[in-house]
Amino acid sequence: MATIFRTWSYRYQWIYNTVSAVAALAVGGEGRLRRLPLVGLKIEPETAVLDLCCGAAAVTQILVQQSQRVTALDASPKAIARAQAIAPQATYVEAFAEAMPFPDQSFDLVHSAAAFHEMEPEQLRQILQEVFRVLKPGGVLAFVDLHAPTNPLFWPGLATFMGLFETETAWQFIQTDMLDLLAELGFVGGDGQANVDRTLHAGGSLQVVHAYKPG
């Protein structure tokens, strides 16, 4: 169970920003962390992009520099207000990720950063099903999130971070094989095969996943 630090991090933006900056040092800084899920993806001005659980537009502000068709969704009106001030070029939608108000096959790219570990297992499954629904054939889900470290030296830091700022859902998430779950829901790799694309960073404590809807 998380401590009062989690509450403070949501109440005081500077705490959240500081924690994010420190955590990002493991991959070379915040700028690199924010761009990790976008590496290798071709984003053009007409690419229809959804920034899912956009928060305060940390990545939305990058996406609007590449595409003129960025939609950002979040369930928090406070987060959306902050995001609109930072990246006004995007279209903002206040809604839950497991019940997105978009037609089928609306987006070429769905991006999410460090949001899935906040979800209950069944909620996460519903969200991924919704992502599959709103993606166009050949579209891609690109996300970065927590992962059980492959290097034991990274376990103390991750465990401390999760103990202070996260809830039980984060522990459940790192025990979930996301590749199996995504494959079960119909996603494939960039080569059209069953294996979803994943790279690990920061001693394996972060995973970057590209999961494609078959074309």
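## Meet Glu130

Glu130 touches Ala97, Glu98, Ala99 and Met100, leaving aside residues up to four places away in sequence; a contact here means heavy atoms within 4.5 Å. Glu130 sits in helix H6, which covers residues 121–134. Helices (H or I, at least four residues) and strands (E, at least two) are DSSP runs, numbered from the N terminus. With a relative accessible area of 13%, Glu130 is buried. For that label, buried is under 20% relative accessible area, exposed is over 50%, and partly exposed is in between (1.4 Å probe, protein chains only).

A quick word on where this comes from: this is a predicted model, in which local features need pLDDT of at least 70 and side-chain atom pairs count only at pLDDT 80 or more, while totals for chains, interfaces and linings use all residues. Residues are numbered from 1 along each chain as its sequence is written, and side-chain values use heavy atoms, with hydrogens and water left out.

## Glu130 and its partner

So who does the Glu130 side chain pair up with? A polar contact of 2.7 Å joins it to the side chain of Arg133. A polar contact is a pair of N or O atoms within 3.5 Å; within protein, one must be able to donate a hydrogen and the other to accept it, and residues adjacent in sequence count only if both atoms are side-chain atoms.

The Glu130 and Arg133 side chains also meet in a salt bridge, at 2.7 Å from N to O. A salt bridge is a side-chain nitrogen of Lys or Arg within 4 Å of a carboxyl oxygen of Asp or Glu. Both residues lie in helix H6, 3 residues apart, about one turn of the helix. Glu130 is buried, whereas Arg133 is partly exposed at 22% relative accessible area. Asp104 joins in too: Asp104, Glu130 and Arg133 are linked in a network of salt bridges.

## Other salt bridges

How many salt bridges does the structure hold? There are 5. One of them joins Arg125 and Glu184, whose closest N and O atoms are 3.0 Å apart. This pair links distant parts of the chain, with Arg125 in helix H6 and Glu184 in helix H9 (residues 178–184), 59 residues apart. Arg125 is partly exposed, with a relative accessible area of 23%, while Glu184 is exposed at 55%.

Another salt bridge brings together the side chains of Lys42 and Glu44, at 3.4 Å from N to O. Lys42 counts as exposed, at 68% relative accessibility, and Glu44 counts as partly exposed, at 39%.

Over in helix H8 (residues 168–174) you'll find Glu168. Glu168 is partly exposed, with a relative accessible area of 46%.

## Two positive phi values

Now for a couple of backbone angles in loops. Cys53 has a phi near 55°, a positive value in a residue other than glycine. Cys53 lies in the loop between strand S1 (48–52) and helix H4 (60–63).

Ala114 is not a glycine either, yet its phi is positive, at about 50°. You can find Ala114 in the loop between strand S4 (107–113) and H6. At 45% relative accessibility, Ala114 counts as partly exposed.
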